[in-house]
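Please keep the 3D view open as you read.

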Amino acid sequence: MAYDLVISNLVLHYNADLDKIYRNVFRTLKPKGCFLLFFLGQSVEKQHRTLTQILNTLIGTGFQIASVEEAMPPQEMMNIPGMTDEMRRPMMLLVKAVKP
């Protein structure tokens, strides 16, 4: 069975093997099918990944990146201890990846 759309809503950051998940999604999508994924940074146990890791793994799987949106905290939050370190990874990320 093949799908036009796969949505992953705030769950990928809990999985250690992102490459395997991307391969399975890619395999089950129809050509021109779309993969929407949302990442969230919170104080929970999760697999931290940089934007480079997230996008390059998608590209390496064969997806084409159609769009990327990264939410940024308001300026007044930038003085919170540890926030500078947190900015190394997306706090909230929406990626649209398409199977060619």
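Predicted model: local features only at pLDDT ≥ 70, side-chain atom pairs only at ≥ 80, totals over all residues.

Residues are numbered from 1 along each chain as its sequence is written, and side-chain values use heavy atoms, with hydrogens and water left out.

The average pLDDT of the chain (the predictor's confidence in each residue, from 0 to 100) is 84, and 90% of the residues score at least 70. Among the elements, helix 1 (residues 18–28) has the highest mean, 92, while helix 3 (residues 83–86) has the lowest, 78. Helices here are DSSP runs of H or I with at least four residues, numbered from the N terminus.

Now look at helix 2, residues 51–61, where Ile54, Leu55, Leu58 and Thr61 are buried (under 20% relative accessible area with a 1.4 Å probe, protein chains only; exposed means over 50%). These residues lie on the same side of helix 2 because they cover an arc of only 130 degrees around the axis, judged by the directions from the helix axis to the C-beta atoms. The face turned away from that buried side carries the exposed Thr52 and Gly60. Just after helix 2, glycine 62 takes a positive phi of about 120 degrees.

How do helix 1 and helix 2 pack, at what angle and how many Å apart? Their angle is about 45 degrees, and their axes are 9 Å apart; the axes are lines fitted to C-alpha atoms over the stretch in contact, with angles running from 0 to 180 degrees between N-to-C directions.

Technical notes:
Helix = DSSP H or I, 4+ residues; strand = E, 2+ residues; numbered from the N terminus.
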